[in-house]
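Keep the structure open as you read.

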Number of protein chains: 4
Amino acid sequence: MTARTPLYSGVIPPVVTPLTADGDIDRASLERVVGHLLDGGVGGLFALGSSGETAYLTPTQQDEVIEVITGAAAGQVPVIVGAIETTTNRAIERAGAAAGLGADAVVATAPFYTRTHGSEIDRHFRDIAAAVDLPLLAYDVPVCVHSKLDPELLLPLAADGVIAGVKDSSGDDGSFRRLAIGARELPGFSLLTGHELVVDAMMLSGADGSVPGLGNVDPHGYVRLYEAAVRGDWETAKAEQDRLVALFDIIRAARPGTASATAAGLGAFKTALMLLGVITTNVMSPPMRSLDAEETATIAACLKRAGLDV
Amino acid sequence: MTARTPLYSGVIPPVVTPLTADGDIDRASLERVVGHLLDGGVGGLFALGSSGETAYLTPTQQDEVIEVITGAAAGQVPVIVGAIETTTNRAIERAGAAAGLGADAVVATAPFYTRTHGSEIDRHFRDIAAAVDLPLLAYDVPVCVHSKLDPELLLPLAADGVIAGVKDSSGDDGSFRRLAIGARELPGFSLLTGHELVVDAMMLSGADGSVPGLGNVDPHGYVRLYEAAVRGDWETAKAEQDRLVALFDIIRAARPGTASATAAGLGAFKTALMLLGVITTNVMSPPMRSLDAEETATIAACLKRAGLDV
Amino acid sequence: MTARTPLYSGVIPPVVTPLTADGDIDRASLERVVGHLLDGGVGGLFALGSSGETAYLTPTQQDEVIEVITGAAAGQVPVIVGAIETTTNRAIERAGAAAGLGADAVVATAPFYTRTHGSEIDRHFRDIAAAVDLPLLAYDVPVCVHSKLDPELLLPLAADGVIAGVKDSSGDDGSFRRLAIGARELPGFSLLTGHELVVDAMMLSGADGSVPGLGNVDPHGYVRLYEAAVRGDWETAKAEQDRLVALFDIIRAARPGTASATAAGLGAFKTALMLLGVITTNVMSPPMRSLDAEETATIAACLKRAGLDV
Amino acid sequence: MTARTPLYSGVIPPVVTPLTADGDIDRASLERVVGHLLDGGVGGLFALGSSGETAYLTPTQQDEVIEVITGAAAGQVPVIVGAIETTTNRAIERAGAAAGLGADAVVATAPFYTRTHGSEIDRHFRDIAAAVDLPLLAYDVPVCVHSKLDPELLLPLAADGVIAGVKDSSGDDGSFRRLAIGARELPGFSLLTGHELVVDAMMLSGADGSVPGLGNVDPHGYVRLYEAAVRGDWETAKAEQDRLVALFDIIRAARPGTASATAAGLGAFKTALMLLGVITTNVMSPPMRSLDAEETATIAACLKRAGLDV
C-alpha cells in the first residue's frame, strides 16, 4: 500500500520479563519465551518495553535482559531495545548499553516525570540519535509519559533521519492515520501499532506491523492476523482479531479494585505463559503482586475458550 | 458481518447550524444543508450534535433547528436529535421537545459539569428512556463530558432495551471493538462511529455507520467510503478515507493559538459550506469568532486540492 | 489588609436546594434554609451554585429557586445567582432571568462541554456583562468546566469593570495568591474562596470572604472563623477551621464506590440539614441517589462530635 | 501548634544542581549554593529534588551531587536526598546509594511511568523503608507522577513508622489540611510544603517547614517568613510571602511558548543564582535550553525590584 520498504514489520512482541521466585531475571524462562515467539513466526522482538516491566528493572537487570534476548534471538530477527528513561542523558546511557549488548535498534519515549515541551522533545530525540549508532524508534505512549507525539513533531524527525520509525500506543487513531499518510514516501520508515485489540484496523490505516503485549501469549494468532492483512484478506484478519479480543479478557482476571491495570495486564500475560508451560513463575516486580490461584484458574479457562492448549 | 439489522446505518452527519449575520438560525441555509446531505446519499441526520453547536444554542434556538431539519428531511431519512444537557431532568426536557417536533430518535451523553458515577450514568439513561417514547442513543464523548462509557455499562443498557445504539466519539478503539463484539447479537442495535479520520478502520471493527462532522462538507465521499466498506472493498474505502483525511486539513486553517479547537473545526466546516455555496455566512455562535478572509482562502485552496468544486 | 472595600464579603454559602419526595422544589424548606443562614450571620447568599444542584435543575426550577431565595432574603443580604450554562447566549438567558427575579449579582463559569480558548473565555465574560445590568462574578471551577481562569485573564477583566469579583474553587492556591495581590488596588473587587477546608489560610492569602458548601450546615462556625480572621486572631480562626474540617467528614458517609463525589457531598449536606430540622427530606436530583438510613446515622454521629445539636 | 517535635522543619530548599558549560556537575558552584543556603539560615537541604534536576541526572551524576552537598553541609543541617525512580527496586538502589554517601534521610514518590494502585503505592513505601536504614519521606507530587497520595494512604504509613514525613507539592490544600490534622499526634512526623507561593497559609494549616525552589534564590526571605509564622506574627509572614510571590515572577522571563514550565522555572532559579554571583553558568540539562541574554536581563530587573543585590 505504500512506496516504502519498512525496516521493521510483522509482529514484534514486547517481550515479557520472567522472574524467579526471588525476583531475579529467570534466564531460562526468558530464553523459552524467545523460542516460543520465534516459533510463532514473529518479525522482531521488542525488549524492555512497557510489557517487559522495563520501568521495574534496575540498569543491571536491564542489561541481563538484553543479553539473554539478543543471545536467544541469535540474529534470526531484529531485537529492538527500550531505552526508556526520564530524560536525554539517562536515555542515552541506556541506549549505549543496549548498543553494546547487541541491540539492533533502540526505542525512546518523550521525557517524563518532568514537564516538557515540543521543542525539548524534538531535541531529546535528536540528541539520542546523535549519541547512539543504531536506528532509533519513537515510542508514543501518553498513558505513561503524559505527552502525545504528534505527526507535526514526528514527521520532520523522520524526514531528517533522526527516527527510523514509531511505535504507537497513543490510542489516537486519527493522529496515527495522519502519521501513516505523512510517512508514506519515507523509505525504510516503520510504523508499528501497539493497539493489540485493533491491529487489523490499524494495518488498514497503514501500520507496517504490531507490538502486541498479548502476542507473548499467542504469537501464532497475531502472525496469522498480520499475514491475512498483508494479502488483503481483511475478513480473515478481522476474525482472527476478534478471537484475540476475546483472549484479551485474561487481563480482567484480577479481582476488581485489587491491582493496577499494569499488574492485572502483565500479570495475566505471565500467568498465561506459565500455564502454557513457557515460563516457570508468574512472579511480578515489586510493588506489584502476582495473580493468585483463583485468578490463575480464570485465566486457564479463558485460554481454553480461545483454543490455546493449557 | 453481524447477525443484526441496525436501526440506523450509513452516513449520518452531525448537521451544522448556519447562522445569519445577526446570530439567528439561518433557516434557508439550514434547509440547503439538509438538501446537500440528502443529495449526498446520507442514511440519516444528527441534529444538535456537537458539530451543530448544540452547546451554544438556547432552548428556543434548538427547537427551531429541530423544526427546520425535520421539515426539510420530510421523512426521507431518520432525524436523530441531541438532548445534550448536564443532567437527567434537563435532558428529559429537551428530549421531550425533540419528540414533539418530529425527531425519530434522541441522543444523550453522560452527565457533565457535575461529577458523576457509573451507577448514576446508568440511571441517567434509564430515566431518559423511560420518560421519552423514542429510541435513545448513548453518545460517548469523553472529550466533552469527561466520563467514558465503557462496554460494561453500555451492553447491559442495550440488552435491556434502554439504548438503541451508541454514537462513539471516544477515540478509544479498543473499547469500541469490545462494544462491537458484545453487541453483535443484539437485533436493531446501531453502532455509529464519530471518528471521521478512520471510518474505514472502525467499520472493519464493526461500526454500522458514521457520524462525521466533515460529512457536512463532503457527504458523497463518506457515502462512497461507506458503500465500499459494506461490499468488502477495503482498498477503495481506504483510498477514499485517505482523501478525506487530506480534506480534514481545513481544520488547521485557523491561525495557531487564536481559537479553540471547536471554533477552528466547526468554523472550517461552515466556511467550506459557504465556499461551496450551501450556506450564506460562516458566522459562529459567541464566544467563538468566525474565520476571516485569509483563513477562508486557505480553506478554499484545501477544498480544491481535494477535488471539491468551489 | 487591602486598599479596597469589597462589594461582597463574609460568609456567602452556596445555598442547597431542598426537594420534596416527588423531586419538586421544597419551597418551605428552602425558606427555612435561608432563615437558618441569616441567623448564622452570613454576608450573602449564593443561589444556584454547584452545591445548589444548579446543573440538575431545569430553567423553570431554577426560576423558582431564585424567587424563593430572594423573597426569603428580603434584602437583608445580597443574593448572588449562578447563570451556569455551557456558553454565552445560554448564560445570558439565565442571567437575564435572574435579574428579572431580583438577583443582586450573577455568577458565570468559563464555557464547558465544548472546548474553549482564552480569547473565547474573555469574550464570554464581556458579552455576559454587556447583556446584563448586574455585577458579574467569575466562577473558577476547573473540576467542573475543565478550564482554569488564570490571573492573567481575570485581572484585565476586573480592571475593565467586566467582573466585580471572583469565586475561586480552583484549588490552585498559588494562582489565588497572585490574583489576590494583583487585585489589591481594585476598588470594590471581591475575592471569595470556595475552599471550605482552608478558609483561614485563604483569608491570610487575601480572600474577602468564603463560599463554603459546608456553611449550609454550620453557618455560625464559618462566621466565627471569618470574624476571627478579620480581626487578625489567626489562632482562633485556625481552631474553628480545624473543627469544621472534622465536620466535613460527613461527606465520607456514603458507602465507598456507590455514589459520585457530588452525590456523597451534597447528599451529606442535605442529610445534615434534615437531621438539624431545617429541611424535610434529603432527596437528591436524578440521577443521584439519596443517602440511606445507615449513612444518615453516620452523619448524625459526626454532627454530634462536632457539637451540633441534632 | 502541635504535640509533636518534627524531625525536619524550617526552610529546606530543594538544592539546584549547577552545571558547567559542558554539562558536567559544577562542584565549586554547588558548594557555593550550599554555603549561600546555610548563610540564609535554612533548616535542611533537599538534594536531588525536582528543582535539583534529579530526573535529568544519570546515577553517576546523582552520586556526585550527593557527595558534594553532604560534604559542603558538613553536618550543620540534615541533608535529605531524593531517590526518585519509577518503581521500588530502582528507588531502593538509589536510596542505598544516598545512604552510602552520607544522606540523613531519603525521599521517594509514588511509582510513575507505569500505572499504579493504592495497594502498590503502600507496598512501595514499605519496601523502600525496609531496605534502607534511613528515615523515609513521601513526596506527593501528582504533577510529575500523576498519582495523589491521600491522607488515607499516608497516615497509616506514618503511624506504622514507615514514613517520617511528607513533602507536599500536590497543590491540594484540603488534603494537606486533613493530613496535618491527622498527623498532629505523631511524634517526630514532619510535614513540609512545597507550595512556595503560600508557605504562610500552609504553615497556618499545619506545615512544619517548607521546600521552596525559590528558596535557592532568596533563602533569607523564606527564613524570615518561617520565623514570623512560628512566632505567630502572621502579618509579617504574609508581607514577606507577598514579596516572594513578586520575586517568583522570574519564572515568567522565558519567552512564552518556547520552553517547558520546568525549563522556565529552574532556568530562572539558575539564572538568578548566576546573577547573584553564586553559580557560574545557567546551563540546563538536555533537552532543556538555557535562558538567553534577553531573558536574563528580565530576571535581573525582577531581582532588583525584589530588593536582591545583583
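## Which chains touch

Contact here means heavy atoms within 4.5 Å. Chain A and chain C do not touch by that rule, and their nearest C-alpha atoms are 10 Å apart. Chain B and chain D are likewise without a contact, with 10 Å between their closest C-alpha atoms. Please bear in mind that this is a predicted model.

## Chain D with chain A

How many residues does each chain bring to the contact of chain D and chain A? Chain D gives 47 residues, and chain A gives 47 residues. The size of an interface is often given as the accessible area lost when the parts come together. For chain D and chain A, that buried area is about 3900 Å², and 54% of it falls on carbon and sulfur atoms.

On the chain D side, the residues that lose the most area to chain A are Arg90(D), Tyr113(D) and Pro287(D). Together these three account for 22% of what that side buries. Arg90(D) also has a charged partner: its side chain meets that of Glu85(A) in a salt bridge, with 2.9 Å from N to O. Across the interface of chain D and chain A, two salt bridges are found.

## Chain B with chain A

Chain A also meets chain B, with 25 residues of chain B in contact with 25 residues of chain A. About 2200 Å² is buried between chain B and chain A, and carbon and sulfur atoms contribute 55% of that area.

How many salt bridges are there between chain B and chain A? The count is six.

## Helix 1 and helix 2 in chain A

Now look inside chain A, at helix 1 (residues 27-39) and helix 2 (residues 59-73). Their axes come within 9 Å and cross at roughly 45°. That angle is why helix 1 of chain A is described as oblique to helix 2 of chain A. Helix 1 of chain A passes helix 2 of chain A in a right-handed crossing.

Which residues make this contact? Helix 1 of chain A supplies Arg27(A), Leu30(A), Glu31(A), Val34(A) and Leu38(A). From helix 2 of chain A come residues including Val65(A), Val68(A), Ile69(A) and Ala72(A). Sorted by class, the contact of helix 1 of chain A with helix 2 of chain A has eight nonpolar, four charged and no polar residues.

## Helix 1 and helix 2 in chain C

In chain C, the axes of helix 1 (residues 27-39) and helix 2 (residues 59-73) come within 9 Å and cross at roughly 45°. Helix 1 of chain C and helix 2 of chain C are therefore oblique to each other, and their crossing is right-handed.

## Backbone details

Most residues other than glycine have a negative phi, and most peptide bonds are trans. Where does Leu48(B) lie? Leu48(B) sits in the loop between strand 2 (45-47) and helix 2 (59-73) of chain B, and its phi is near 60°, a positive value in a residue other than glycine.

In chain B, Pro286(B) and Pro287(B) are joined by a cis peptide bond, with omega about 10°. Pro287(B) belongs to the loop between helix 11 (261-275) and helix 12 (293-305) of chain B. In chain C, a cis peptide bond links Pro286(C) to Pro287(C), with omega about 10°. Pro287(C) lies in the loop between helix 11 (261-275) and helix 12 (293-305) of chain C.

Notes. Residues are numbered from 1 along each chain as its sequence is written. Chains are lettered from A and ligands numbered from 1 in the order in which they are written. This is a predicted model: local features need pLDDT of at least 70, side-chain atom pairs count only at pLDDT 80 or more; totals for chains, interfaces and linings use all residues. Side-chain values use heavy atoms; hydrogens and water are left out. Axes are lines fitted to C-alpha atoms, for helices over the stretch in contact, and angles run from 0 to 180 degrees between N-to-C directions. Helices (H or I, at least four residues) and strands (E, at least two) are DSSP runs, numbered from the N terminus. Angles under 35 degrees count as roughly parallel, over 145 as roughly antiparallel, 65 to 115 as roughly perpendicular and the rest as oblique. A crossing is left-handed if the near helix is turned anticlockwise from the far one by less than a right angle, and right-handed if clockwise. Ala, Val, Leu, Ile, Met, Phe, Trp, Tyr, Cys and Pro count as nonpolar, Asp, Glu, Lys and Arg as charged, and the others, Gly among them, as polar. Buried area is the accessible area (1.4 Å probe) that two parts lose on being put together, summed over both. A salt bridge is a side-chain nitrogen of Lys or Arg within 4 Å of a carboxyl oxygen of Asp or Glu.
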